[in-house]
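Hi everyone, thanks for making time. I'd like to walk you through a structure, starting with the whole chain and then going into some of the packing.

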Amino acid sequence: MTETCKPNLAGLSLSKLQSLFVEAGEKPFRAGQVMKWIHQRGVLDIDLMTDISKDLREKLKSTTQISLPKILQDFESHDGSHKWIVQVASGSSVEMVFIPEAGRGTLCISSQAGCSLDCTFCATGKQGFNSNLTVAEIIGQLWWANSKLGCFDGTTERRVSNVVMMGMGEPLLNFDNVMDALSIMMEDCAYGLSKRKVTISTSGVVPAIDRLKDYTDASLAISLHAPNDELRSSIMPINKKYPIAELIRSVKGYMASLPDKRVPVIEYTMIAGVNDHRQHARDLAELLVQLPCKINLIPFNPFSLSDYKRPSDSSISNFRQILQKAGYIVTVRTTRGDDIGAACGQLVGDVNDQTRRSSRHRQNAANRKVFGSTDNLAVSADRV
Ligand code: SF4
């Protein structure tokens, strides 16, 4: 068996690992032992798994592998955030970010190299798309964060308390691999994270949200970013396929399937002059009456291929107040790690784009520099 054909123990969920042992004539509890070595103790060398017999270790060495993505670079922000560049098998690299806060540490994980959805405010979308990450490449990001933060040596308490699937890519377009990775995150013999502390953030792939309840009970965040279909479709092309009413219906269905009373988080990136008007806030408040939720406002974080601007502090404050007066719990995301390009919406990695999108966006940006913003030209023409 060549290395590439061998099952990768680091990327198998508990049930798949149990099946592997049973098929090999071994007891299923071996799966839990192996998971503890890899995901709780950080051990990747089968020879060091000393509660497994020598014969079984030899068998595992010849028939399986343990393989994780490589860390290419490690950046630390002045605010304590980390960004790691992770190389995946397709040859692209993706980014993950760790944000420490009082009482918790959040790891933002990527699910795809690039993204096919091309939201206009997102740096990843401008990179085009290369590949879905494997389960080992997704869970490997959590493994590496624990390793880099010194959590495998038994002396440091767990620093990654929360995981958000909010890095590069649309997680629900890599459904099977993301579901397996989530199950490893929440498995007691692996990372043991609570379902409340693992969040899938989606732009609204409605058919995937509809079947989510059969696979996981993780928390949900919805990238909404606009209070009506016309505006949302103009900044998030996926809305043309799955408009807001369908999305809300689907999210309500998933939330109703959960046994506890959790609500989704509605993510709203505020872009100056695009979706940050007071009327947008009033429309958003009216739209969300039908969906119990929390709202997270994310002031736009600029990046080189975008002309969008961050709204003023007073716009953000006014927007927030309108929503709060309407009875919503509203948070404003503090920008973290922008000195290392780790802020929300800024993740880019190095994607071997299989679409023509990245070169098109680069060309458009270059044209804007030479000729000035095409938007401004349009406005000028109207005035003439
Ligand atoms: S916001 Fe999410 S779904 Fe949209 S382009 Fe960026 S990574 Fe893709």
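Before I count anything: when I say helix, I mean a DSSP run of H or I with at least four residues, and a strand is a run of E with at least two, numbered from the N terminus. Also, please keep in mind that this is a predicted model.

On that basis, the chain comes to 13 helices and 12 strands. Its radius of gyration is 22 Å, close to the 21 Å from the globule rule for 384 residues, so the chain is as compact as a globular protein of that length. If you box the C-alpha atoms along the principal axes, you get roughly 80 × 50 × 40 Å.

Okay, helix packing. Two packed helices are described by the angle between their axes and the distance between the axes.

Start with α1, residues 14-23, and α2, residues 29-40. They pack at about 125°, and their axes are 8 Å apart. That angle makes α1 and α2 oblique to each other, and the crossing is right-handed. Who's touching whom? From α1 it's Leu14, Leu17, Gln18 and Phe21, and from α2 you have Arg30, Ala31, Gly32, Val34 and Met35. By class, this contact between α1 and α2 has six nonpolar residues, two polar and one charged.

Next pair: α4, residues 135-148, with α5, residues 175-186. Here the angle is about 35° and the axes sit 8 Å apart. Again we have a right-handed crossing, this time of α4 and α5. On the α4 side, Val135, Ile138, Ile139 and Leu142 do the meeting, and on the α5 side it's Asn177, Val178, Asp180, Ala181, Ile184 and Met185. That contact of α4 with α5 splits into eight nonpolar, one polar and one charged.

The crossing of α10 and α11 is right-handed. Arg278, Ala281, Arg282, Leu284 and Ala285 of α10 meet Asn318, Phe319, Ile322 and Leu323 of α11. For that contact of α10 with α11, count six nonpolar, one polar and two charged.

Last stop, the ligand. Which residues are around it? They are Cys115, Leu117, Asp118, Cys119, Cys122, Thr124, Gly125, Met168, Gly169, Glu170, Ser203 and Ser223. The shell around the ligand divides into five nonpolar, five polar and two charged residues.

That's my tour, happy to go back to any of it.

Methods
Residues numbered from 1 in each chain as written. Predicted model: local features only at pLDDT ≥ 70, side-chain atom pairs only at ≥ 80, totals over all residues. Axes fitted to C-alpha atoms, helices over the stretch in contact; angles between N-to-C directions. Parallel < 35°, antiparallel > 145°, perpendicular 65-115°, else oblique. Left-handed = near helix turned anticlockwise from the far one by under 90°. Contact = placed C-beta atoms within 7 Å. Nonpolar A, V, L, I, M, F, W, Y, C, P; charged D, E, K, R; others polar. Near = placed C-beta within 6 Å. Rg over C-alpha atoms; globule rule 2.2 N^0.38 Å.
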